[in-house]
Structures are given as structure tokens and as C-alpha cells.
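Let us walk through this structure step by step. Keep the sequence and the 3D view side by side as you read.

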Amino acid sequence: MAGAGKAGVAAVRLRAASKVYGRGASAVTALDAVTLEIPRGSFTAVMGPSGSGKSTFLHCAAGLDGLTSGSAFIGGTDLSGMNETQLTKLRRERIGFVFQSFNLVQALTVEQNMMLPLRWAKQKPDAAWREEILRRVGLADRAGRRPSELSGGQQQRVAIARALVTRPDVIFGDEPTGALDTVTAKEILALLRSCVDETGQTVVMVTHDPGAASYADTVVFLADGRLSSRMDNPTADRVAERMTHLGAWA
Ligand SMILES: Nc1ncnc2c1ncn2[C@@H]1O[C@H](COP(=O)(O)OP(=O)(O)OP(=O)(O)O)[C@@H](O)[C@H]1O
């Protein structure tokens, strides 16, 4: 896979990962024995019809939710053995999140929002690193602004800056371009792509949009909680065709 640096341990690994919500007659198997490795320095899109388990996959892989059985690893760390305090620390220090809704703190400036994870992790901000991230996300001249003074695309850039600031092992995106117009979405996808190509980040992104998925190195398709197939070097057309095959737009 393109850019798969640091050979060895995968950035994200699921082994026979299952998640069942509820019990008895009302139980729903949202993830069904998914086994998958995502290499470091790669960009993976997760697709599938509504209800196929994409959000559950993301939440379990990122330690936001626990598995019913099987295991999930971030690098060499097995999440299944961790308590909530350990998981919180791991999420703060080794994982970045970018959501559809930007989740910025309106009372704080761009720079303060971006530095929040360092404050939570009680790490010292480094001026050179702060400048580099602001430059990389194209917000060097907006550091003192509040989110309400920014466009949607700029707000998502702040969220990406915030996701990058702890130099995480993996950035998980849940429909990060879902609330943006097409042109702005492309800029954000190009930024995520550059995080992979230029700094060797690992990005895992849930999306419904074949165009967004085409920025990834690999697309994994879920259906009924199972890993149904994968596609390397995806194009929007091929992804759309595969989704039609899965009945996503029936
Ligand atoms: N907290 C929950 N309690 C019960 N069932 C749930 C819960 N969360 C998800 N599910 C069920 O698990 C299955 C997978 O849901 P999930 O949200 O992971 O799918 P998805 O592919 O992300 O869907 P969408 O594209 O519509 O967001 C669905 O059948 C859903 O109804």
C-alpha cells in the first residue's frame, strides 16, 4: 500500500472483532467477526450501506466503545485489556478525531481550540510545532479568530489541526466532509491526503461519498457488519459501482 512506512506493527488492527448491541430477541450484531489490518502511513476509507456497521467499526477501532468479543489494537496496544482511564489517555495522546460536526469550542480562538488536546494531555505547547500545524492547515493568519468567524471548511481545518497536534498514531474521521460543499470537501480531503503523504500519518475515514473515498489508498466495504470486500487505488466510479452492487442505493 502507498506510503506504508515503519514496517511491522499495523496502525490499527481488528481481530475477529464483534459488537452486539442489546440482548436476546432485540440483539443487533453491528460488527460480525471483522479481521482487518490498516498499515501505518496509509489512508483508508470505510464504506457500506446505512446500518452496515461503519460507525460501530470506527468507535470500536478508536477505543470509544468496547467490543463484545475479539480484539482491537492501536499499534501494539490491545484496547480490550484497558480500563476507561487508560482508554481516555490513549485517545488523548495517540488518536485524533475529525467529525462531520466540527465540535469546536465557540468561546476559544482557533489556536486555543487546536491546542486543547495538549492541555488535556498536560503536554507543553511547542511554538514551532504550533506554527507548523497552523501553516499546514492554512490558518496561520486566522490563529486569533473565533470559530463563528470562519467558514465551514476553515472550521474543519481547525478540527484537523486539533487532531494533528498530539502527533497521533491514527486520525479517525467520521464523515469529515459530510457537512461541506463539494469544493470545500475536496480541499479538506486533499489536506487529509497530505497528512498521509507528507508526514506519514494514518487516516481512517468513514464516508458515504465515492468521491471522498477516491482520495484513499484503500476502501474497505462493510455489509451487515461483515467485511465484504476491499479495493486498492479506488476511483469514484469504481467505488460507486461497488456500492450499487452492495445495494447501498437501491
Ligand atoms: N447504541 C446502539 N444500540 C442498538 N443498536 C445500535 C446502536 N448503535 C448502532 N446500532 C445498530 O447497529 C447497526 C450498525 O449501526 P452503525 O451506526 O454502526 O451503522 P452505519 O453503517 O454507521 O450506519 P449509517 O451509515 O446509517 O450511519 C445498525 O443496525 C444500528 O441500528
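What is the mean pLDDT of the chain, and what share of its residues reach 70 or more? The mean is 91, and 96% of the residues reach 70 or more. Keep in mind that this is a predicted model. For the complex, the predictor gives an ipTM of 0.97 and a pTM of 0.91.

Then look at residues 1-6. There pLDDT stays under 50. The model has 19 contacts beyond four places in sequence for this stretch.

Now turn to the sheet. Which strands form it, and in what order? There are 4 strands, and the order is β2-β1-β4-β5. The sheet is open, and the pairing is antiparallel. β2 and β5 each have a single partner strand, so they stand at the edges, and one side of each is left without a neighbour in the sheet.

Go through the pairs one at a time. β1 and β2 run antiparallel and are joined by 7 bridges. Find A17, and you will see V34 of β2 opposite. Next, β1 (residues 12-21) pairs with β4 (residues 69-74) over 5 bridges, again in the antiparallel sense. Here L14 stands opposite A72 in β4. Finally, β4 pairs with β5 (residues 77-78) over 2 bridges. In this antiparallel pair, I74 faces T77 of β5. The hairpin of β4 and β5 has 2 residues between the strands. G75, in this hairpin, takes a positive phi near 55°.

Stay with β2 for a moment and find D32, which is placed in this strand. A residue needs 20 or more to be buried. Beyond four places in sequence, D32 is in contact with S18, D224, G225 and R226. L108 is another matter. D32 and L108 are 76 residues apart along the chain, and their C-alpha atoms are separated by 41 Å.

Next comes the ligand. Which residues surround it? The shell includes Y21, G22, V28 and A30. G48 belongs to it too, as do S50, G51, S52, G53, K54, S55 and T56. By type, the shell divides into 3 nonpolar, 8 polar and 1 charged. β2 (28-38) and α1 (54-61) each supply at least two residues. α1 gives the most, with 3.

How many of its 8 residues are buried? The count is 6, and the helix is mostly covered. The buried ones are K54, T56, F57, L58, C60 and A61. K54 and T56 also belong to the shell around the ligand. After α1 comes G63, whose phi is positive, near 75°.

A61 leads on to the core. The largest nonpolar core has 65 residues. Which of them touch the most other members? They are V46, A61, A161 and V204. Take V204 and trace its contacts, leaving aside neighbours within four places in sequence. V204 is in contact with V12, I38, T44, V46, A61, V170 and F172. Two of these partners, V46 and A61, are themselves among the residues that touch the most other core members.

Terms used: Residues are numbered from 1 along each chain as its sequence is written. This is a predicted model: local features need pLDDT of at least 70, side-chain atom pairs count only at pLDDT 80 or more; totals for chains, interfaces and linings use all residues. Two strands pair if DSSP finds at least two bridges between them. A residue is near a molecule or strand if its C-beta atom, placed from the backbone, lies within 6 Å of it. Ala, Val, Leu, Ile, Met, Phe, Trp, Tyr, Cys and Pro count as nonpolar, Asp, Glu, Lys and Arg as charged, and the others, Gly among them, as polar. A nonpolar core is a set of buried Ala, Val, Leu, Ile, Met, Phe, Trp, Tyr and Cys residues joined through C-beta atoms within 7 Å. A residue is buried if 20 or more other C-beta atoms lie within 10 Å of its own, exposed if 12 or fewer, and partly exposed in between; C-beta atoms are placed from the backbone. Two residues are in contact if their C-beta atoms, placed from the backbone, lie within 7 Å. pLDDT is the predictor's confidence in each residue, from 0 to 100.
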